Amino acid sequence: MRLVTIALMVLIAWVQAELWFGKAGVAHVLEKRAELQALQEANAAARQRNDRLQAEVSDLKEGLEMVEEKARSELGMTKPDELLVVLTPGK
């Protein structure tokens, strides 16, 4: 019976050692959590930068199209290789 008790205590000690100092121990988990937090912050910053750049690209695309449309409709401007045809309502 004494041998079983000693074996169980050794087994418990081994499990505790693995829990605290092993590859999946507390220190390793805390280190990985800190690493995960840093990566999540970097991703959030990159996501914000991407959103700003996407908004800038969208503004540039829409802005040029809007300017071109106004120039065509209000000023009658054309591109160099285009021909302007104006239709007037007939009576």
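The model is predicted, so local features need pLDDT of at least 70, side-chain atom pairs count only at pLDDT 80 or more, and totals for chains, interfaces and linings use all residues. Residues are numbered from 1 along each chain as its sequence is written, and side-chain values use heavy atoms, without hydrogens and water.

**Stop 1: the start.** Select Met1. It sits in the segment before helix H1 (2-21). Helices are DSSP runs of H or I, at least four residues, numbered from the N terminus. Met1 counts as exposed because its relative accessibility is 81% (exposed is over 50%, buried under 20%, partly exposed in between; 1.4 Å probe, protein chains only).

With Met1 they make a nonpolar surface patch of about 680 Å². Patch residues have over 30% relative accessible area and no salt bridge; nonpolar side chains are joined within 5 Å, like charges within 9 Å.

Stop 2: The structure holds four salt bridges (a Lys or Arg side-chain nitrogen within 4 Å of an Asp or Glu carboxyl oxygen). Select Lys32 and Glu35. Their side chains meet at 3.5 Å, N to O. Both lie in helix H2 (residues 26-75), three residues apart, about one turn of the helix.

Stop 3: Select Lys79 and Glu68. They form a salt bridge at 3.5 Å, N to O. Lys79 lies after H2 and Glu68 in H2, so the pair ties together parts 11 residues apart in sequence.

Next, select Arg72 and Glu82. Their closest N and O atoms are 2.9 Å apart in a salt bridge. Arg72 lies in H2 and Glu82 after H2, so this pair ties together parts 10 residues apart in sequence. Shared partners join Glu68, Arg72, Lys79 and Glu82 into one network of salt bridges.

Definitions and conventions: Accessible areas come from the Shrake-Rupley method with a 1.4 Å probe; for residues, only the protein chains shown count as cover. Helices (H or I, at least four residues) and strands (E, at least two) are DSSP runs, numbered from the N terminus.
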